[in-house]
Amino acid sequence: MPVAQAQLAVSSSAPYTVAGGKEKVDELKLLGTWRGPFALRVALTLNFKGLSYEYQEEDLGNKSELLLESNPVNKKVPVLIHNGVPICESLAILEYIDEVYAGRGPSLLPADPYQRARARFWAAYIDNKLVAPWWKMFAGKTEKERDEGRKQTLVAVEMLEEALKECSKEKPFFGGDDIGYLDVVMGGMVAWMQGTEALCGIKLLDAGKTPLLLAWMERFGGLDPAKVVLPDFARLVEFAKMKRAQKALI
């Protein structure tokens, strides 16, 4: 069991204040996998918010009844179950957590409507232009498909270098002085980006072309709430190579 899984797989509850000043016990349960970038970003958000939750590791080859019942449309992780009610899709879950627990930890989405819209734009860009091509580069069926994914991924990284420069305004994180929405969205890919050279034969980030992203990745990965969640990239590389050879779900 990886460190992140071992530390997160503890059932607990988080009290929060409701109207009238009374405390209500909050039950949170996350269904995910220890290596999935989408589940990782949810776990990161929960940790940065300082929320206690129960974690259930899912076997994607043998999905639990709870997962199938909680997400009958897509049957995918992550799913966050809040007091018995499931919320699906990682970006929707992040916004839900940020709104429900507005007084806990850092605020992920900016208060300004334009800045909030811009953060959502770049979050969608990360999913569509970085994560999707990365998987094509890693698991494409043909060399042509893998090469297309490689080119698209490198273009996305260059664009995100500029996005970090624009959003951070020379501060440590996408969110500025503290982590924000884009930090946890990108954070789910940290270990995968670290393992790209071993898995795909290219160096994704370097001090020459992407100095800001490289420094951000090291800075983000060094934060205590992230350390608890992020998988060891060497173990991740070994696991991913095995699954690719088996043509199995990762």
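Predicted model: local features only at pLDDT ≥ 70, side-chain atom pairs only at ≥ 80, totals over all residues.
K75 is partly exposed, its relative accessible area being 37%, and this residue lies in the loop between α3 and β4.

- K75 has a phi near 55°, which is a positive value in a residue other than glycine.
- The loop between α3 (65-70) and β4 (79-82) also holds P78, and the peptide bond that joins V77 and P78 is cis, with an omega of about 5°.
- E89, which lies in the loop between β5 (85-88) and α4 (90-100), is not a glycine either, yet has a positive phi of about 75°.
- With a relative accessibility of 42%, E89 counts as partly exposed, because partly exposed covers the range between the limit for buried, under 20%, and the limit for exposed, over 50%.

**Helix α5 against helix α6**

- Two packed helices are described by the angle between their axes and the distance between the axes.
- For helix α5 (residues 113-139) and α6, the axes come within 7 Å and cross at roughly 155°, and this angle makes α5 roughly antiparallel to α6, since angles over 145 degrees are counted in that class.
- The crossing in which α5 passes α6 is left-handed, and the residues of the contact of α5 with α6 divide into 14 nonpolar, 3 polar and 8 charged.

**W122, a buried residue of α5**

- W122 has its place in helix α5 and is buried, with a relative accessible area of 9%, a value that falls in this class because buried means under 20%.
- When its neighbours within four places in sequence are left aside, W122 is in contact with M159, L160, A163, C167 and L182.
- W122 and Y181 are 59 residues apart along the chain, while their C-alpha atoms are separated by 9.7 Å.

**Helix α2 against helix α5**

- The axes of α2 and α5 come within 12 Å and cross at roughly 130°, and the two helices are therefore oblique to each other.
- On the α2 side the contact is made by P37, F38 and R41, and on the α5 side by I126, D127, V131 and W135.
- By class, the contact of α2 with α5 has 5 nonpolar and 2 charged residues, with no polar ones.

**Helix α10 and its surroundings**

- In helix α10 (residues 211-221), the residues L213, W216, M217 and F220 are buried; seen down the axis of α10, its buried residues fall within an arc of 100°, so they line one face of the helix.
- An α-helix has 3.6 residues a turn, so residues three or four places apart point the same way.
- The buried residues of α10 are covered by elements that include α2 (37-48), α6 (143-168), α7 (181-187), α8 (190-194) and α11 (224-229).
- L214 also lies in helix α10 and, not counting residues up to four places away in sequence, touches L205, D206 and A207.
- The C-alpha atoms of L214 and V185 are separated by 16 Å, and the two residues are 29 residues apart along the chain.

Terms used
Residues numbered from 1 in each chain as written. Heavy atoms only, no water. Buried < 20%, exposed > 50% of the residue type's maximum accessible area, 1.4 Å probe, protein only. Helix = DSSP H or I, 4+ residues; strand = E, 2+ residues; numbered from the N terminus. Arc of directions from axis to C-beta. Contact = heavy atoms within 4.5 Å. Axes fitted to C-alpha atoms, helices over the stretch in contact; angles between N-to-C directions. Parallel < 35°, antiparallel > 145°, perpendicular 65-115°, else oblique. Left-handed = near helix turned anticlockwise from the far one by under 90°. Nonpolar A, V, L, I, M, F, W, Y, C, P; charged D, E, K, R; others polar.
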